[in-house]
Amino acid sequence: MSKDLDVDICLLLEGTYPYVRGGVSSWVHQIISGLPEYTFHLIFLGGHPDFYGEPAYDFPENVVGFEVHYLLSPPGNIKPSSRMGKTKLFRVWGHFLSYFEKEKTPIPNDLLGEISEFLGQKNRLSLTDFLYSRASWKILTERYLNSAENQSFVDYFWTYRGIYQPLFILSQISQNLPKAKAFHSVSTGYAGFLGALCRQQTNCPFLISEHGIYTKERKIDLAQANWIKDRHSLIDISMHKDMDLTRKTWIRFFEQLGLTAYHQADHIVALFEGNRQRQHTDGAPEHKTQVIVNGINTQRFHAAYELRPTSPPLVVGLVGRVVPIKDIKTFIRTIRGAVEEMPELEGWIIGPKEEDPSYVHECELLIESLGLTNNVKMLGSQNVAEIMPKLGVMMLTSISEAQPLVLLEAMASGIPCIATEVGACREIIDGAAGEDAELGSAGVIIPIASPIDGAQAILQVLSDTEAWLKAGDIGKSRVTRYYDEKRMYDAYRSLYEEAIGGRHWL
């Protein structure tokens with residue numbers, strides 16, 4: 001696939017489509033397929049090549065370009081060598097890095113533009129210079145002495161390299177872009193920062209769609225990360241009140257990536273009002289933002305609705321990746337509690353298991369230790385439309401979500417839902433204020449990490465056949481009226497038309 005062809009939209013994708021199935025990837029495939037009048041070039045950013053197998057999707061015909069870049073792969077054939085480095089450029093680099101220590105201060109346009117021009121360039125400021133030059137070492141040690149001298153220098157050194165090395169790769173990508181009329185990132189983070197660089201390099205419109213709030217999700221990941229070792233002194237008790245400096249450094253880094261992406265973007269989309277407000281809190285200019293809800297092909301699930309049994313199957317389904325943010329362990333414990341009252345109950349975990357094998361193993365051990373080997377099944381990826389009529393309720397125990405498509409799919413199938421109060425879940429199940437909410441509730445909202453509340457909700461939903469059927473029908477009505485994919489396509493078609501037509505949002 002060539003970069004020489006003019007394309008309408010260059011999509012910037014981080015760790016998702018086409019290699020990871022479900023969630024954001026499903027949405028990307030849906031948007032590309034649903035807007036065949038536009039051509040797309042895809043730039044995929046991954047961690048390390050070992051993290052990804054074969055693509056999980058076949059590209060629609062309107063994908064005319066595709067490239068893959070890995071941010072954590074070894075730096076090729078670069079060998080350590082003594083070199084001076086260009087002091088003047090490294091002074092600019094040092095000034096650029098200072099913004100990763102400032103709160104709520106985006107990197108200025110002129111500085112970002114200057115960095116995007118020379119960063120990663122072989123004869124200017126190359127990755128080799130960053131790794132091995134005297135000028136680079138001088139910047140590194142100055143920053144250590146100014147901001148982190150109480151931290152282990154070894155920890156600081158490797159954190160510094162790990163955080164900033166990918167920016168050289170992003171800059172190189174931005175210097176070799178396809179001929180696109182607009183750039184569209186499906187997150188902030190690395191992809192969003194690449195979009196900011198694209199905006200500087202091309203002056204073409206840059207759009208952001210956030211499903212979850214990337215910065216918030218990275219904070220959750222970093223808070224749980226066991227690869228960061230807290231090194232507080234056992235004597236200095238006051239130190240325990242503060243987060244480890246390494247975690248803080250990573251968090252501030254992702255905050256700056258997001259902030260700069262927001263300020264470079266021409267338009268920013270959230271999936272629901274709560275996330276739009278969170279974007280403002282994180283620094284997104286309010287006049288750039290709008291809400292476009294996700295939609296599904298409701299007709300795809302009509303057959304599942306027709307096959308819905310007249311009484312609820314004693315099966316609780318959870319459709320999602322087996323990863324910590326989905327809190328699969330709480331789901332397992334919830335089933336344990338509900339089985340006490342409904343011994344025949346089963347919990348089905350439906351989704352890919354490749355992303356975090358150690359977490360999958362922990363879940364398997366938990367199932368065994370709770371005596372649930374006959375009640376909880378890990379089924380891997382399945383055809384969701386086909387499995388819906390076998391479920392009595394769809395459950396989501398996530399600690400963070402945006403607008404989960406699986407709830408919409410279950411509701412289109414006439415299946416009631418139970419979900420934690422995260423993202424748009426309450427709005428989906430109980431309805432947005434006004435006519436939507438007047439339809440009634442399609443299930444139950446529960447607190448995060450509460451197996452007791454979850455078990456009670458399961459018993460409530462599955463114990464009353466008449467109420468079960470009514471909740472399912474309310475859900476189908478809500479999805480058909482407010483969440484059909486045609487509304488989403490029309491909104492993005494309008495957004496792309498405005499971008500490609502040369503209108504810049506004020």
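Buried means under 20% relative accessible area, exposed over 50%, and partly exposed in between, with a 1.4 Å probe and protein chains only. The model is predicted: local features need pLDDT of at least 70, side-chain atom pairs count only at pLDDT 80 or more, and totals for chains, interfaces and linings use all residues. Residues are numbered from 1 along each chain as its sequence is written, and side-chain values use heavy atoms, with hydrogens and water left out.

**Overall form**

- The chain has 20 helices and 13 strands; helices (H or I, at least four residues) and strands (E, at least two) are DSSP runs, numbered from the N terminus.
- The radius of gyration, taken over C-alpha atoms, is 24 Å, close to the 23 Å of the globule rule for 506 residues, so the chain is as compact as a globular protein of that length. That rule is 2.2 Å times the number of residues to the power 0.38.
- Along the principal axes, the C-alpha atoms fill a box of roughly 75 × 65 × 40 Å.
- Of the 506 residues, 56% count as buried.
- Contact means heavy atoms within 4.5 Å; among contacts between residues at least 6 apart in sequence, 75% join residues at least 24 apart.

- Helix H12 (residues 328–339) has 12 residues, which should span 16 Å at 1.5 Å a residue; its end C-alpha atoms are 17 Å apart, which agrees. The expected span is 1.5 Å times one less than the number of residues.
- The buried residues of H12 include Ile328, Phe331, Ile332, Ile335 and Val339.
- Those buried residues pack against elements including strand S8 (315–319), strand S9 (346–350), helix H13 (357–369) and helix H18 (451–462).
- Asp327 lies in the loop between S8 and H12 and has a positive phi of about 50 degrees although it is not a glycine. Asp327 counts as buried because its relative accessibility is 12%.

**Strand S12**

- Thr420 is in strand S12 (residues 417–420) and is buried, with a relative accessible area of 1%.
- Leaving aside residues up to four places away in sequence, Thr420 touches Leu396, Thr397, Ser398, Cys425, Ile445, Ile446, Pro447 and Ile448.

**Other backbone exceptions**

- Most residues other than glycine have a negative phi, and most peptide bonds are trans.
- Ala449, in the loop between strand S13 (443–446) and H18, has a positive phi of about 55 degrees although it is not a glycine. Ala449 is partly exposed, with a relative accessible area of 46%.
- Tyr17 and Pro18 are joined by a cis peptide bond, with omega about 5 degrees. Pro18 lies in the loop between strand S1 (6–14) and helix H1 (24–34).
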